[in-house]
Amino acid sequence: MSIFISLGIYSQKGADGIINGDSDRKAAMEKMVSSVGGKLIDYHITRGQYDFVMIAEAESFESMAACALKAKAAGTLTEAVTCLLYTYDAADE
């Protein structure tokens with residue numbers, strides 16, 4: 001399994017769900033990542049260019065890309081960026 005970081009920007013629908021308290025985005029992300037055989041490691045709301053950062057473990061980049069597509073299709077995200085993480089030693093090799 002590999003570790004991924006995903007950064008995203010909520011759509012109006014996604015933001016409304018958080019503000020109104022009727023959407024647990026962390027639980028939704030956990031369910032979505034597990035639906036592709038992955039595991040949510042952590043999830044944080046951020047300040048700046050992106051609204052959240054998610055750290056997850058999954059078999060492939062493609063499975064994490066599927067998560068982003070599912071969230072976009074549901075109308076909760078307008079943008080998502082997914083990065084595969086390497087340890088410093090692995091990158092140095």
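Me: What share of the chain's contacts with a separation of 6 or more comes from residues 24 or more positions apart?
Reply: Good place to start: those residues account for 64% of such contacts in the chain, where a contact means heavy atoms within 4.5 Å. This is a predicted model, in which local features need pLDDT of at least 70 and side-chain atom pairs count only at pLDDT 80 or more, while totals for chains, interfaces and linings use all residues. Residues are numbered from 1 along each chain as its sequence is written, and side-chain values use heavy atoms, with hydrogens and water left out.

Me: How many helices and strands does the chain have, and in what order do the elements run?
Reply: There are four helices and four strands, and from the N terminus they follow the order β-α-α-β-β-α-β-α. Both kinds are DSSP runs numbered from the N terminus (helices: H or I, at least four residues; strands: E, at least two).

Me: Why is M29 called buried?
Reply: M29 has a relative accessible area of 2%, so it is buried; the word means under 20%, with over 50% exposed and partly exposed in between (1.4 Å probe, protein chains only). M29 sits in helix α2 and, beyond four places in sequence, touches Y43, F52 and M54. In the chain as a whole, buried residues make up 31% of the 93.

Me: And A71, why is that one buried?
Reply: At 3% relative accessible area, A71 counts as buried. Its place is helix α3, and its contacts more than four positions away in sequence are M32, T76 and L77. A28 is 43 residues away from A71 along the sequence, but their C-alpha atoms are 9.4 Å apart.

Me: What makes A80 partly exposed?
Reply: A80 has 25% relative accessibility, so it belongs to the partly exposed class. This residue is in strand β4 (residues 77–84) and touches L7, G8, A68 and K72, leaving out residues up to four places away.

Me: Which residues touch the most other members of the largest nonpolar core?
Reply: That core has 15 residues, and M29, V33, Y43, F52, M54 and M64 touch the most other members. At least two residues each come from β1 (2–10), α2 (25–35), β2 (39–45), β3 (52–58) and α3 (61–74). Strand β3 gives the most, with four. Such a core is a set of buried Ala, Val, Leu, Ile, Met, Phe, Trp, Tyr and Cys residues joined through side-chain atoms within 4.5 Å. In soluble globular proteins, nonpolar side chains tend to be buried together. As for F52, its contacts beyond four places in sequence include S6, I9, M29, Y43 and L77.

Me: How many positive and negative side chains does the chain have?
Reply: The chain carries 8 positive and 13 negative side chains, and the centres of the two sets lie 10 Å apart. Lys and Arg count as positive and Asp and Glu as negative, without His or the chain ends.

Key:
The place of a charge is taken as NZ of Lys, CZ of Arg, CG of Asp or CD of Glu.
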